[in-house]
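User: Please take a close look at a single part of this model and describe it in one connected answer. Give the cut-off for each term where it comes up.

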Amino acid sequence: MIPRAGHGASPTVRPLAFSAGLRGRFTRGCIHLRANAPLATLSSALVGGGFGTAQHFCNFYVDKHYAGRMPSADLDRWLGQRDVDPAAAIAMMTAVKLKRAALHSAPLGRRERAVLTLATAGSGNAVDITAESADPGPGAGTINVFVFVDACLTPGAMVNACLSITEAKVAALSDERVVDAGSRTPATGTSTDCVSVAATQRGAPTPYAGSGTELGRAVGRTVYRAVRDSLRGGTEHCS
């Protein structure tokens, strides 16, 4: 289980199982991961979306009835309250309780913990993207995935990594037997999923990060396990 601060307690800041250095602060309202140095990123997040660089990675908790008209502005404000420059951050939000977050790390080559995934996952608004009409349920359901890689990825490999993340997420949902509430067919995600890939850019450039590569399979394993664990309530493992 991810540690979190109680009422009136100081938030826990601790190193995480990532070979390039990553520290995490876990509170009721935000999971804040800080890299030792800026990382190359590709994300679908409202703050830090697209290709860029970031050193701060935040997952904010919001009530399931949150209906902010300007969510990106809310994220900017919440980052500012934590003395984080939005220009150096990737920020997401979720109505999944943050105590359900899950972490998994995996080796890559000779580095024992070169891939790290953090996920918060709920299935309340799970959908099958192939169904004729989506009917998200009313529950908390966003699947937010942060993947950190100690490797040098080309832009194409960053996109490839996002494909690997999606494949692993779908496999996790399938094995957890999550279905679209409307079509009753296997869910492929939720209507509000968000993803981030961050790479140290150390070592020789790699153009691929799919299932035919050691990197892609490491990403896939950690995402699959983190999503499944979060759906089940949250835990932390190194594998």
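Analyst: Pocket lining, central strand and ring contacts

Six nonpolar, three polar and four charged residues make up the lining of the second largest pocket (Ala, Val, Leu, Ile, Met, Phe, Trp, Tyr, Cys and Pro count as nonpolar, Asp, Glu, Lys and Arg as charged, and the others, Gly among them, as polar). The model is predicted, with local features needing pLDDT of at least 70 and side-chain atom pairs pLDDT 80 or more, while totals for chains, interfaces and linings use all residues. Residues are numbered from 1 along each chain as its sequence is written, and side-chain values use heavy atoms, leaving out hydrogens and water.

The volume of the second largest pocket is about 150 Å³. Its lining has 13 residues, of which L108, R111, A151, T206 and L215 are the closest to the pocket centre. A pocket here is an open set of points on a 1 Å grid over the protein atoms alone, where a 1.4 Å probe fits and protein lies on both sides within 12 Å along at least five of seven lines; lining residues have an atom within 4 Å of a point. Points are joined across faces, edges and corners, and the volume is the space filled by probe spheres set on them.

Now to strand β9. Strand β9 covers residues 143-149 and is largely enclosed by the rest of the structure, because seven of its seven residues are buried (under 20% relative accessible area with a 1.4 Å probe, protein chains only; strands are DSSP runs of E of at least two residues, helices runs of H or I of at least four, numbered from the N terminus). On one side of β9 the buried residues are I143, V145, V147 and V149, and on the other N144, F146 and F148, which leaves both faces covered.

Strand β7 (residues 111-121) runs antiparallel to β9 and is joined to it by seven bridges (two strands pair if DSSP finds at least two bridges between them). T120 has N144 of β9 as its bridge partner. With strand β12 (residues 194-199), β9 pairs in the parallel sense over six bridges. Here N144 stands opposite C194.

C162 is buried at 16% relative accessibility. The sulfur of C30 is 4.3 Å from that of C58, its closest, which is also too far for a bond. C30 has a relative accessible area of 2% and is buried.

Four aromatic pairs are present in the structure (ring centres of Phe, Tyr and Trp, the latter by its six-membered ring, within 6.5 Å; planes under 30 degrees apart are stacked, over 60 edge-to-face, the rest tilted). One of them is the tilted pair of F18 and F148, at 6.1 Å centre to centre and 55° between the planes. It links distant parts of the chain, 130 residues apart, with F18 in the loop between β1 (12-15) and β2 (22-26) and F148 in β9. F18 is buried at 6% relative accessible area, and F148 is buried at 1%. Together with F57, F18 and F148 form one aromatic cluster.

Notes: Buried < 20%, exposed > 50% of the residue type's maximum accessible area, 1.4 Å probe, protein only. Disulfide = S-S within 2.5 Å.
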